[in-house]
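Hi,

Here is the structure I promised to pass on to you.

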Amino acid sequence: MSFFSRSPWILHYDGSSCNGCDIEVLACLTPLYDVERFGVVNTGNPKHADILLVTGSVNERNIEIVRNLYRQMPDPKVVVAVGACACSGGIFARAYNVQGGIDKVIPVDVYVPGCAARPESIIDGVVQGIAALELKHRMTA
Amino acid sequence: MSLPSIVFALVALPAIVGAILSLFTQATLRNAIVVIGGLLVAAMAVATVATFGGADGAFFGLPGNMALGQTLIVVDFGLTAFVVAISLKHRRVLAPILALAQFAIALYLEVAGRLPEPDPQRLFWVDRLSMVMILVIGLIGPLICINAIGYMRAYHRSSPMIQGRRTVFFSLLFVFLAAMFGLVVSNYLPLMLVFWEITTICSFLLIGYTRTDETIGYAFRALNMNLLGGLGFGVAIVLLSSQTGGLDLAILTHGPAAGALLPAIALLAFAGITKSAQMPFSSWLIGAMYAPSPTSALLHSSTMVKAGVFLLLRLSPAMSGSTVGYLVAFVGLLTFLFVSLVAVTEQNTKKVLAYSTIGSLGLIVGCAGIGTPELAWVGVMIIIFHALAKSLLFLVIGTIEQRLYTKNMENLDALLSLMPRVSALFLIGISGMFIAPFGIAIAKWTAIRAFLSVPGPAGAAMILIMAFGSSLTIFYWGKLLIKILSARRQTDYERSIENRVSRYEWLTEGALALGVIAATACVGLISNQVVGPYALTAFAAAPRVFLAIDPAILLVMLSATLLLPFVAVLSWLNPTYDHSDFYASGRSANVGHVMGAALGGIKRVTLRNYYLDGVVSGGLMFRTGTVACGAVLAAMVAASVVIR
Amino acid sequence: MTPAIYALLFVLLAPVFGGLLAGIDRIVSARMQGRVGPPLLQPFYDVGKLLQKRTRQINPIAEPLLIAHLGYMAATGALLLGGTDLIFTVFVYALAALLLVLAAGSANSPFSFAGAERELVVLLASEPFFILMMVAVCKVTAASTFGGVLASSQLVAVQLPGVLLAFVVVATIKLRKSPFDISISHHPHQELVSGLTSDMSGRLLAYVELAHWYESALLCAFMVLLFNWSVPLGLLAFAVAYALEVLVDNATSRIKWQLVLRSTWAATLLLCGGNLLALFVMGR
């Protein structure tokens, strides 16, 4: 096991979501769930992050942002799509400005369903993301 | 050759070169004379020092024991007449009044026969301090003259409105060197005063070179302030003329001065303070920044201002332990503190260099005033390292200014990618000015240690000033370093900029950069062989070691000496820049620092340094410093009379 | 043992000390917030991971500058314990701190630049204190080296209460704690608040973290200077001061740089300067 599984740093990006999933992501950091127990840190800077956690769908305006953030993350890196909108566009999928899920723009490793996704499932998604991270590290190392 | 004759040759040589230069207007010929003359002067300076060897000091008179006779009063008349004439031409009142007052004093002394006949064998005095000064003037000065060939060519190309008077310019540079040499070997005070006034007038002419209304104003400001200092010098001579041996500098400064001599010492110190541009007389040096850069380099690194601190260091044993000495020290240290505060608010790089110069000189003045062997050691060390690093910096900023058309620190953005080799030179100069293990930082460290043993509240105040002043120094140099070291992708045009730097500039600036590094590497040698023995001789103190360099310190010093320029060159060789890919909250940021903005717009990224707006006001600090130092200076002169 | 061995021990053990301190800090902070917090060794995992991660550089100067930052930070401690002059050590310390500023500024990007400038401001804010502290310690003990101060019979902290108080205030800057953590913070932050590291990734970030561990150990050594009677006493004092810093960190919010500069300079001038003045007047 490498250090990646003990120290996954997360970058949380909110696409065009209703903020329901974002509230749940933040709930993971609260005393009730306390993901820092697993070394998870919510960094807020792509250059520091290992896991890109996206909530909400992509639209015309944020495609560029999502791409840039993903590009600026150093390898190895994984993407976790949190919630129905991030996975597929959700109930906004047919809206005039929405492109669909995150996988329309960047490769997604883990899909976390739910509207909004529960903190438990988000944590589970991150744990699966860690496994993917580990795999990618081993493949490139 | 004997020591006296080689010293006379040293003083005469630049004067002769200057005279020859004034005869030739043809550029190629002039350049050749400047280069050959400069090299000869440097060789002569080295020869002088080699002849002097390791002696403690020597006195001598004119060749063949000639008496000075009426020479001084005749030269004095010529200088006064010149000042009066040029002031009338430009309708200035103060300068001729000051010059005439000084001439009146000289005339009174001469006519009334108050001036005792000097000992013809003791007109000149050379010791280790003179030798340090001769090397500083004789090695750095010619490099600046040679550098000026390339600089002035670019200068007149970029400013065609300015009428070229390069013949006069180069001639003056050499005459200046001659006057400086004369000044540092004089022992008879009236003789020294004549050289002192020649440097004042040369600097006046050099500052006013472009003859625009602006520079003429600054030139007269410099003239007025320095003539005022010269007047103080003159009055001191009057006071000393009634004392036995009073006009003999070596006897005067043999040890702590008797009470009757203190007023004269105070006036001489006053002259030194004006010349070294301490507050309240700092504004002349700032104004002088409008002159061509080689002028700044010559006046503010190796000559002119160094004449002021040279005199103060000479006086140091006499001021030792007196109230006058303490007050002189406070003028210097307060100047250091206040100009450092002003410097953090300044955008013009040349002015930052100017404030830093005044601050370094302030440290020397502070050391000279206290008058202990340790602090004299510090003062001379700062003279050496400051002269090297600051002349390099002024020349480099001149080179940059002529190629990028800016002196503003904000526009030096990414200098490393535009002019990598020039940047490396710049970095060596800046490192030499403040980074921990270079000479000046070593000197500051020793100064703090020495102030530690100054008793009473004065010692505490000095240490507080050192602590805050040094921190401010780190701040303003740090800002400049950030600007230089930052990088961006350059255009083809920008890539070619550096190729237009002339070889005169490369050679001279490279030589000075090597000088900074070599002096750092040899700091122990300089201390043990030259500066240490000087301090012990001047204060008649018991032999001891000033700088106990343990291997750890030496290691840190040498590694830091080469760190920044090495890193700069490293990155210059590495072409894999990825400057477009910085984090901008997810926005695309591309070449040329253009960022995507809201609603599809684009915005240019402009990064501006902190100038401590709202916390430190440069203008207020300058005025406060001027008033505070003026008050201390007045107290100093008053104390010399009151406290016997 | 000779001073050279102390110096070597510092270079080897300071990262362990600093890393464990950071681990304890994170657990204590978490408990203060009602959380469990990460494992004790979490900082080591983080640095290990950063070293394994790919590094992307904007400006190739940054890496040598950061290595030099790390090297000089370690050298500062080694020189201090190795018996070099205390005041000289502070000069090397300032150089180490400056190198971090230059590394950040070299990215020439908005957040890095702002971070570099703000770090320069806090360097300006803290530097006078460290010079004055060393001068005061030298003055009280008449010694000039670490060993000399430890051998002195004077308990320095008793003579220098003002310096001790000012140390607690100024160390907040160096320990990256609120309210003075304006350029980089211990907590996950971004953009303006953590501008200093915004464009550093992978091993570059690991250098910064390692250097910070050395710095924590260095500050601990400074505290030992003040409590020079015994090293355990100094360590205890540092632990108390650090606990106080963590509490303040969790209880206060970040302030503007102007206020950082004004408040630390005021503390330095009044507490430290006053203390120094008293020493000089009493002629000690």
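A term to begin with: I call it a salt bridge when a side-chain nitrogen of Lys or Arg lies within 4 Å of a carboxyl oxygen of Asp or Glu. By that rule, the count between chain B and chain C is one salt bridge. Its partners are Asp85(C) and Arg449(B), whose side chains meet at 2.5 Å, N to O.

Before you go further, please keep in mind that this is a predicted model, where local features need pLDDT of at least 70 and side-chain atom pairs count only at pLDDT 80 or more, while totals for chains, interfaces and linings use all residues. Residues are numbered from 1 along each chain as its sequence is written, chains are lettered from A and ligands numbered from 1 in the order in which they are written, and side-chain values use heavy atoms, with hydrogens and water left out.

Chain B and chain C

The contact (heavy atoms within 4.5 Å) takes in 69 residues of chain B and 62 residues of chain C. Together the two chains bury about 5500 Å², with 78% of it on carbon and sulfur atoms; buried area here is the accessible area (1.4 Å probe) that two parts lose on being put together, summed over both. Of the area that chain B buries against chain C, Phe468(B), Ile482(B) and Tyr610(B) supply 13%, more than any other three residues.

There are also seven residue pairs in polar contact across this interface, both residues at pLDDT 80 or more. A polar contact is a pair of N or O atoms within 3.5 Å; within protein, one must be able to donate a hydrogen and the other to accept it, and residues adjacent in sequence count only if both atoms are side-chain atoms.

Chain C and chain A

Here chain C gives 31 residues to the contact and chain A gives 30 residues. The pair buries about 2400 Å², 51% of it on carbon and sulfur atoms. Lys49(C), Gln52(C) and Lys53(C) supply 25% of what chain C buries against chain A, more than any other three residues.

How many salt bridges does the rule find across the interface of chain C and chain A? It finds six. One that you can look up joins Asp34(A) to Arg35(C), with the closest N and O atoms 2.9 Å apart. For polar contacts, the rule gives 22 residue pairs across the interface of chain C and chain A, again with both residues at pLDDT 80 or more.
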